[in-house]
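Hi everyone, thanks for making time this morning. I'd like to walk you through one protein, so please have a look at the screen.

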Amino acid sequence: MNDLSKASVSWGSVGEDSENQRIDNYLEKVLKGVPKNHIYRILRSGEVRVNSKRVKPNYRLKIGDKLRIPPVRTAKPTRQGTAPRFNLLLEVLFEDDYLLAINKPSGIAVHGGSGISSGIVELLRMREPKPRFLELVHRLDRETSGVLLLAKKRSALTALHQMLRSGEVEKRYLVLVKGKWINQKQSVMLPLHKYVTSSGERRVTVNKGGKVAHTLFFLLQNWQEFSLLEAELKTGRTHQIRAHLAHLGFPILGDVKYGDFTLNHKLAMRGLKRMFLHAYKLVVKHPINGAALRLEAPLPVDLQQFIEKLDERHAESINS
């Protein structure tokens with residue numbers, strides 16, 4: 001449905017991949033390039049019909065629903081920039097008919113948008129011989145590396161989102177921070193308020209009017225200037241780990257949004273050219289067969305090498 005301007009009316013039938021999806025979200029996906037306010041207009045006007053009836057934007061599709069979609073002019077795809085230009089091999093950690101888990105590299109967005117033409121999801125979709133259902137179960141920041149889980153069936157996506165809401169998914173990160181962390185285990189519950197900067201960037205700040213955010217931190221190793229922590233997310237707020245640590249006075253090394261910018265510049269000259277935040281483990285039950293899944297991604301080479309340099313410097317200081 002790249003250009004419906006010359007067609008009359010499109011008819012379709014809902015399959016398993018679109019079951020339980022809101023119709024406004026379905027139309028936004030199908031009618032690529034059509035503004036969302038126009039999608040709401042054709043829904044309100046009754047031009048879109050489900051089983052010959054009007055429906056509201058929050059109507060959830062059922063298998064076998066018959067859709068009537070009016071002719072809508074959409075943006076025609078251009079040759080330039082239609083395909084993701086990533087020269088990399090994605091490491092697959094797990095895959096079956098329902099799930100796909102990869103080890104996401106740092107520096108690549110999970111989804112296109114906000115000035116980014118394409119991301120991991122678009123890359124994976126274009127590697128298939130024909131379009132298929134593939135949606136993010138959760139998100140990782142562009143700068144964050146590690147375990148990223150995607151659903152290949154809507155039934156799996158719906159079940160996993162419910163598990164996330166009920167706290168049945170274990171997500172753990174490795175993070176290197178400025179300063180000497182003391183407590184072996186520390187529970188941090190600080191509410192986070194989301195806002196958008198004048199440049200359009202998403203940010204969060206600790207604010208009593210924000211949403212509850214809970215992180216557990218475990219001390220793994222100390223050096224004179226830095227500390228390696230394991231962070232376990234109990235909630236999944238935007239930039240949660242980054243904002244909590246910055247508020248506590250332990251900014252993540254290499255964090256360009258919440259970090260110590262002067263220190264980041266010095267660290268770049270020492271070889272750390274990215275944020276030291278890595279999603280190394282995700283534990284969840286398989287949404288279909290209930291099997292326990294333990295997905296792990298080892299620390300990337302560049303981060304591991306920086307840790308080894310810290311160990312060398314520490315050994316030199318002891319022996320000198």
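First, some ground rules. This is a predicted model, in which local features need pLDDT of at least 70, side-chain atom pairs count only at pLDDT 80 or more, and totals for chains, interfaces and linings use all residues. Residues are numbered from 1 along each chain as its sequence is written, and side-chain values use heavy atoms, with hydrogens and water left out.

So what does the protein average in pLDDT? The average is 85, and 86% of the residues score at least 70; pLDDT is the predictor's confidence in each residue, from 0 to 100.

Now to the core. A nonpolar core is a set of buried Ala, Val, Leu, Ile, Met, Phe, Trp, Tyr and Cys residues joined through side-chain atoms within 4.5 Å. Buried means under 20% relative accessible area, exposed means over 50%, and partly exposed is in between, using a 1.4 Å probe and protein chains only. The largest such core here has 32 residues, and Leu-150, Ile-241 and Leu-245 have the most contacts inside it. Among the elements that each supply at least two residues are strand 5 (99-104), strand 8 (170-178) and helix 5 (240-248). Helix 3 gives the most, with four residues. Helices (H or I, at least four residues) and strands (E, at least two) are DSSP runs, numbered from the N terminus.

Let's pick out Ile-241. Leaving aside residues up to four places away in sequence, Ile-241 touches Tyr-173, Thr-215, Phe-217, Ala-231, Leu-233, Ile-252 and Leu-277.

Next, strand 3, at residues 66-69. Which of its residues are on the covered face, and which on the uncovered one? Leu-67 and Ile-69 are covered, while Lys-66 and Arg-68 make up the uncovered face. In a regular strand the side chains alternate between the two faces of the sheet. Strand 3 runs antiparallel to strand 1 (residues 10-13), joined by four bridges; two strands pair if DSSP finds at least two bridges between them. Gly-12 stands opposite Leu-67. Strand 2 (residues 49-50) is also antiparallel to strand 3, with two bridges, and there Arg-49 has Arg-68 as its bridge partner.

Last topic: salt bridges. One is a side-chain nitrogen of Lys or Arg within 4 Å of a carboxyl oxygen of Asp or Glu. The whole structure has 14 of them. Arg-172 and Glu-230 form one, at 3.2 Å from N to O. Arg-172 is in strand 8 and Glu-230 in strand 13, so this pair ties together parts that are 58 residues apart in sequence. Arg-172 counts as buried at 15% relative accessibility, and Glu-230 is buried at 10%.

Glu-232 and Lys-234 form another, with their closest N and O atoms 3.0 Å apart. Glu-232 is buried, at 8%, whereas Lys-234 is partly exposed, at 42%.

Then there is Asp-255 with Arg-242, at 2.7 Å from N to O; both residues are buried. Finally, salt bridges that share partners join Glu-170, Arg-172, Glu-230, Glu-232, Lys-234 and Lys-281 into one network.

Key. Contact = heavy atoms within 4.5 Å.
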